[in-house]
Amino acid sequence: MEQTVNTLSNSGDVLFMMLGAVMVFAMHGGFAFLEVGTVRRKNQVNALVKILVDFSISTLIYFCVGYTLAYGINFFIPAKDLMAANQGYELVHFFFLLTFAAAIPAIISGGIAERAKFWTQAVAAGIFVGITYPLFEGMVWGRISLLGQNDSWLAQHTGGIPFHDYAGSVVVHSMGGWIALVAVVLLGPRRGRWDHQGRSTPIPISNVPFLALGSWMLCVGWFGFNVMSAASIQGISGLVAINSLMAMVGGILVALVLSRNDPGFIHNGALAGLVAICAGSDKVHPLGAFIIGGIAAAIFVRGFTWEQEKLKIDDVLGVWPLHGICGSWGGIACGIFGQEVLGGMGGVGFVAQVVGSFAAIGMAIVFSFTVYKFLDLMFGIRLSEEEEMIGSDLVIHKLESLPEDRTTSFR
Amino acid sequence: MEQTVNTLSNSGDVLFMMLGAVMVFAMHGGFAFLEVGTVRRKNQVNALVKILVDFSISTLIYFCVGYTLAYGINFFIPAKDLMAANQGYELVHFFFLLTFAAAIPAIISGGIAERAKFWTQAVAAGIFVGITYPLFEGMVWGRISLLGQNDSWLAQHTGGIPFHDYAGSVVVHSMGGWIALVAVVLLGPRRGRWDHQGRSTPIPISNVPFLALGSWMLCVGWFGFNVMSAASIQGISGLVAINSLMAMVGGILVALVLSRNDPGFIHNGALAGLVAICAGSDKVHPLGAFIIGGIAAAIFVRGFTWEQEKLKIDDVLGVWPLHGICGSWGGIACGIFGQEVLGGMGGVGFVAQVVGSFAAIGMAIVFSFTVYKFLDLMFGIRLSEEEEMIGSDLVIHKLESLPEDRTTSFR
Amino acid sequence: MEQTVNTLSNSGDVLFMMLGAVMVFAMHGGFAFLEVGTVRRKNQVNALVKILVDFSISTLIYFCVGYTLAYGINFFIPAKDLMAANQGYELVHFFFLLTFAAAIPAIISGGIAERAKFWTQAVAAGIFVGITYPLFEGMVWGRISLLGQNDSWLAQHTGGIPFHDYAGSVVVHSMGGWIALVAVVLLGPRRGRWDHQGRSTPIPISNVPFLALGSWMLCVGWFGFNVMSAASIQGISGLVAINSLMAMVGGILVALVLSRNDPGFIHNGALAGLVAICAGSDKVHPLGAFIIGGIAAAIFVRGFTWEQEKLKIDDVLGVWPLHGICGSWGGIACGIFGQEVLGGMGGVGFVAQVVGSFAAIGMAIVFSFTVYKFLDLMFGIRLSEEEEMIGSDLVIHKLESLPEDRTTSFR
């Protein structure tokens, strides 16, 4: 019977990770539709293809390089050996973490939409998923002795408490969002976003139902993102699930009020709350999660307007405020609301959270600037003026979003 | 090893509830798209936002009030105490049952679409989810000694057999559908639904693919709705899964034949079958489920036409026949097809099922009338004539469904 | 405690199968949207209804006849007896395998789209799911002593190694694809696909986002298709999950390169990879899976063009190259890349794989020709010229895809 229990425990872990991986994989469909709904119709096809292709490139690179960098695992051994331990648990663990890694290019994609070159961005995706992301991931969750559990120096300076990021507010979202900021700035705004006198002329989004569909796909999958970060079925925590729910709800309601019922902000407010709760979802009280999510939505609504109207940064989906700033906020918030005095589980340190959150920002900016500057000099990162006017769909993919409409007089 | 088995059992329960909760949460996306596809394009954005916001309000109210009312649980204790028992099982149990409770406003939403005020309906949602629903829920599944297991009076009069509603045909669907009926009647029909001579002029739906997408999302999530109503992995029943399948299929095929291949009726026929099977899904034979679902679809197809053409009630998505009448039918059908003589598992009483089903109708009508009459007197529940003509999207959300189409001459 | 362990093991199996069944059920929504996006707008509604109705007919027939044929199980016993063993495991096992069986008409549907009669095809669906499919399924996975584990004759001629098809490259996909080929040829091309001089005039697809949505729904559900083919939680294999991932990614990347960034080929390339990996997903190394998927996409891209432009077969969604040829390739590839010398798990035979793969082709062609010839003589299988021009939506369902657009001058 002991063997049955062991098998059940192992197979439970494999199922747990596999379900998480599939749920987060489905989130990438959500990234795609969120972008489809937000960009103009002439760039919808490109949004769909980018997400799928960047995910595929990420898979290959992370399998060959990234995962090894972060965790020291080598998959170039016979299948029998891959399956030898725990029914292939390491393989589904890879799958799960790949879906996190591939979120980096998916996040960037939304910022640089409608004017970036396809292949240059594919190369950038490969570099971030193969090197940048695994380096930071390896510090927080893996074998690199910095920031995380293995960092004795940081621990010494923060009372023995390492940087904590349960499900990636900082490791995934802020990393992606801050990388995207640099890319968006280097790329420059879309033609027509500001007129000749520098006046803001917002470009209308194409399709609210597709935007909403993307948001729904992301919200649903996010419960896998957070809950399955336990990495083992026996580590599952009901608190993580409900905190994700409460932060999402807080995000929706604050975005509703602050944006005066704007559908774009409301559907993204849900995501802002979810971005911010990842880090502390295992630590804070559900009411703390509600507040964290609510503040995240406020950051997003105000930050997006500030970014666009004051800083004049044309971040199409607002991925910097959404993933970048809200991710950093999530890392820091974990150090506040995770405290026992605020009803949290305790065992988190404010200083460590601030250090970790800012470390990610610094690393993202340095890597992103280096990579995009290099790619810009080598190949150029932006479509030509004419290509941008025609749209990525016809230029890159030779097909529009609704091909039949072009060829028939009445649809 | 005993500890491992205990942990496995507990974590299995948490996973089970969490998966169920996420599946039913995804159904709310289905409610949204079913409405998006059915209303006119000028009200699509409103459909999306309503579902998301009412879900969020429901979460907050049910967390603070409703769940406590029904089950006597208080969540205002430190996170450590919330997690103390069974890895936070109570939290995911809340999450799962919240997704049921939030179905009440989601059901109503489809009936009152295209002319109801946003904030008044949000308040109504809060009242139903905070008070009305938990009261009835508490009787059937919770701590209130009426109708359910704890009702010795009813049991005495029905041979010791309490009212049985496994997954909410009555508790959720009929409650929501009958509340909606009153709201729809008080609200009155959309402008133009009947012409000046009172002749019926049906308002065309906007988008069949979105309607179908909504139906698919609902159907897929419904297996979580029913199967995870076991509330514990060890209570899982293959019969519940297959009965849901068979009732759905029965609903599709009967709707196909009766409606002569109408896509709206067919996609809603699947839902009619699923509404009706919830109550007895653990009790009836798969062939009984097929018949229950088939009859439900007949009720929906005929009931919708009767409601619209004879009663002249402008229930946009037909939520009263779909959730109301089919829900009541499901409660009663459990008392018929659950009998051993019809191949069922037995242990159900026809009288108890009739009593429970009618109790829900009475309670729904009384509460709904009181709440909407009060709200109508205080704030008004209906948009102005001009607002209705412009459409909820521009009036409430300042944005249309396809914003780009408004601003470019060629899309 | 032993009882708890037994219950946990049994309920884990039921949950495992149920999750798999629901995931593959959701794939049918994917089949629907893949077709919606690919056909012209005047046939979108028909695509949605066909999938739902054929799934329902399949459920009924497979419950009453097919499953019994393949596995010798009879469901016409009281519910109590159905639930007696392992919490109703057999019922969810049926549900899971039904979702496979129903893939046969779903595959055919994409090939014959835009000109086939609705009811004739419904009858054909019933015959294939009731008889043809279960016969072959019963050989490979069930009680019929041919090809599979029980085939001593084949085993004798292949060194004791039976035909291996883990998740249905051959049993499901090639069977469906080759049946579809015959149907498509007998039906003839859509009007206007080739002009009067026989020059190819490709008919534009309607909607790339819906095509992509369909592909995403299929990809996500496919992990249930493959992983849950273990049929028991204790048999779960991480290798199956990652091989599915790698084959999908290989398919995407090869389709990207060969098609020069065509969105239709890229989204179908993912599916081609997944079709081909089913058979050997438990046997090959992840890099083998990547190659299998890449070759499958090459077969699809080149095969589709060859089928359309050289063979002049109007297979609307390209289901013959996608499911038929890639399915056969998957069966054979398992016999190559499953070998230990190529890093695989071993225990597969090249000859057995070739025999099994060709047996399916032969059986598909014979059955398909017989059934469609008979139906054509009896009822006709094709819409009239006028009906085809008007479109299936108005002719069969009396409703178009976007009904509101017809009746308002401005949407």
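Symmetry and contacts in a predicted model

Q: What rotation and what shift along its axis superpose chain A on chain B?
A: In this predicted model, a rotation of 120° with 0.0 Å of shift along its axis does so, at an RMSD of 0.0 Å.

Q: What makes this the relation of a three-fold axis?
A: Two copies of a chain are related by a rotation about an axis and a shift along it. Here the rotation is 120° and the shift 0.0 Å, and that is the relation of a three-fold axis. The C-alpha of chain A nearest the axis belongs to A:Val5, at 4.1 Å from it.

Q: How do you know that the copies meet through different surfaces?
A: Only 5% of the interface residues of chain A are also interface residues in chain B, so the surfaces are different ones.

Q: What makes a residue of chain A count as in contact with chain B, and how many do?
A: The criterion is C-beta atoms within 7 Å. By it, 44 residues of chain A are in contact with 49 residues of chain B. On this side of chain A, the elements giving two or more residues are α1 (2-38), α9, α10 (238-258) and α11 (263-277). The most comes from α10(A), with nine residues. By class, this side of chain A has 28 nonpolar, 12 polar and four charged residues.

Q: Which elements of chain C give two or more residues to the side that touches chain A?
A: Between these chains, 44 residues of chain C are in contact with 49 residues of chain A. The elements are α1 (2-38), α9 (208-227), α10 (238-258) and α11 (263-277) of chain C. The largest share, nine residues, is that of α10(C).

Q: How do you know that the span of helix α9 of chain A agrees with its number of residues?
A: At 1.5 Å a residue, the 20 residues (208-227) should span 28 Å; the end C-alpha atoms are 29 Å apart, which agrees.

Q: Where does α9(A) bend, and by how much?
A: The bend is at A:Gly221 and amounts to about 30°.

Q: Why is α9(A) called largely enclosed by the rest of the structure?
A: A residue is buried if 20 or more other C-beta atoms lie within 10 Å of its own. In α9(A), 20 of the 20 residues are buried, so the helix is largely enclosed.

Q: What confidence does the predictor give?
A: Chain A averages a pLDDT of 95, and 98% of the residues score at least 70. The model scores ipTM 0.96 and pTM 0.97.

Note on methods:
Residues numbered from 1 in each chain as written. Chains lettered and ligands numbered in written order. Predicted model: local features only at pLDDT ≥ 70, side-chain atom pairs only at ≥ 80, totals over all residues. Contact = placed C-beta atoms within 7 Å. Helix = DSSP H or I, 4+ residues; strand = E, 2+ residues; numbered from the N terminus. Least-squares fit on C-alpha atoms with pLDDT ≥ 70 in both. Expected span 1.5 Å × (residues − 1). Bend = angle between axes of the 7 residues up to and from the residue. Buried ≥ 20, exposed ≤ 12 C-beta atoms within 10 Å, placed from the backbone. Nonpolar A, V, L, I, M, F, W, Y, C, P; charged D, E, K, R; others polar. pLDDT = per-residue confidence, 0-100.
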